[in-house]
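This report describes a helix contact and a strand pairing. The sequence and structure are shown below.

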Amino acid sequence: MMNVPVELLMPLLVLLPFAGAVAAVFLPAGPRGMCGICTSVLTAICVFVAAVRTFVEGSHRHHLGGWDPPLGIALQLDGPGAVFLAMTAAIGVPVSFYARAYFRMPEAGGAGNRYFWPLWLILWGGLNGMYLSADLFNLYVLIEVVTLAAVSLAVLSGKAAAMMAGLRYLLAAIAGSMAYLMGVALIYGWAGALDFGILAERLEPTAAVNTGFALMLTGLVLKTALFPLHFWLPAAHASAQPPVSAILSALVVKGTFFIILRLWVDVFDLSVTYAAGQLMGVLGAAAILWGSYQALHQPGLKKVIAHSTVGQIGYLFLLFPLISVVTEDGRASGWAEHAWTGGIYQALAHGFAKASMFLAAGIYIIATGHDRVRSMGDLVGRLPMTTFALALSGVSLIGLPPSGGFVAKWMLLKAAIASGQWWWAPVLVGGSMLTAGYVFMILRQAFAPSEQTGELRRVPKSLEVTALLLGIGSIVIGLRAEEVLLLLDVGAPFGEAVDVEEGGGE
């Protein structure tokens, strides 16, 4: 496998999940889950090989069918893309094992086992394509694939609340897609090309280009659920089934964020201004404060976690004002390296922590029949492994050492101070304190004595192990930051890698 050409691996990362999805449609219930597991593991192996090859050999670019742009479609694999591919695989495999055990339970319903695997594998293939694509219209197609699969997964339970939330999600996604497509049309009309490399050479900060970029950015921000366009996310994530909630929160919103990041630094860097970066930062700061505040006042565990996602997404957008400041010679300032790495590391840490939290919430619901936070008394005695998973994930969300969340927030804080943009530092610290508020609210109830004496429903041990492994992952990525940072530097736009001891290992 290590000898397979990267040019073959890149399309395989998209086609393999799609092939597994097609096979899952025609298989009976028993083999369907095994097909999903095998496809997940094989995809993860291919991702691992591609990441190692990128780490050793550097960035790769492949033209499908041998046709060069603008006629052909280009795929590119660099360090940031490999990191997001690896994140999707590292979270996707445990979630797949969790889903196989979950959908075999009566509580899940028969429709879940039938439709989950085709939809999940299609979504995974679409995400991989988004991380590899270097063409604006090809990205639009892949965004639509991911969106339709995600909305379908969100309504998989068939309950009224899920259907209503899914409809709101669909309408928001359609609006975002139309805005993005109108922006692509403007850019193509002006430049006559869609390939990232060609656009980077041709684009100038004209009114048409800036308008097209603004439309695309608006559509992607809506799909990423950045405040104040987050209205669809809490209900959609909270009402979905546990493995679906984990996928939506940990992975789906990261795909459109990655596209925003790629367009911001690789394609439209001439259109990016100081004011645009500050606006993104203000929206991110508002998301941190509003989402965290709302999480503190939710009665249900899944709603707490869903509103937490709104807040944690805000941290991702704090990197934009920090990378949008350039020196007098037009080059990025030194602190941009820390901001770039901190923002992407926040995506990684949040992905592991939020997947673990939603899977743990699913275990709690199975065991008790509800998700009321105030009724979580003695959860640590009754479900110790699940409580530990919640605690580890909470440590990373707060940003306590040695978690991945600490590495992310520390680098963002260093970049804010080094750049002189001190006003982001109180947001980072205040957001962590609010996060600690709702995390400790959950844990306080979990450790509190309980008057309930009823027996808990039996929960398969594999579900608890999976949630705990993802929680451990949110800590381990902070302990082993060096390898991730070195991979992230391959093809990164801001020079050499951030030194681990200086940027995240202190």
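## Packing of α3 and α20

In this predicted model, helix α3, which spans residues 79-102, packs with helix α20, residues 481-488, at an angle of about 135 degrees. The axes of α3 and α20 lie 7 Å apart. Because angles over 145 degrees would count as roughly antiparallel and those from 65 to 115 as roughly perpendicular, α3 is oblique to α20.

On the α3 side, the contact is formed by G79, P80, A82 and V83. Helix α20 contributes V484, L487 and L488. Classified by residue type, the contact of α3 with α20 comprises 6 nonpolar residues and 1 polar residue, with no charged residues.

## Pairing of β1 and β2

Strand β1 (residues 60-63) pairs with β2 in the antiparallel sense, over 4 bridges. H60 stands opposite L77 in β2, and A74 of β2 is the bridge partner of H63.

## Faces of the two strands

In a regular strand, side chains alternate between the two faces of the sheet.

Strand β2 (residues 74-77) is covered on both faces. A74 and Q76 are buried on one side, and L75 and L77 are buried on the other.

Technical notes: Residues numbered from 1 in each chain as written. Predicted model: local features only at pLDDT ≥ 70, side-chain atom pairs only at ≥ 80, totals over all residues. Heavy atoms only, no water. Axes fitted to C-alpha atoms, helices over the stretch in contact; angles between N-to-C directions. Helix = DSSP H or I, 4+ residues; strand = E, 2+ residues; numbered from the N terminus. Parallel < 35°, antiparallel > 145°, perpendicular 65-115°, else oblique. Contact = heavy atoms within 4.5 Å. Nonpolar A, V, L, I, M, F, W, Y, C, P; charged D, E, K, R; others polar. Buried < 20%, exposed > 50% of the residue type's maximum accessible area, 1.4 Å probe, protein only. Pairing = 2+ DSSP bridges.
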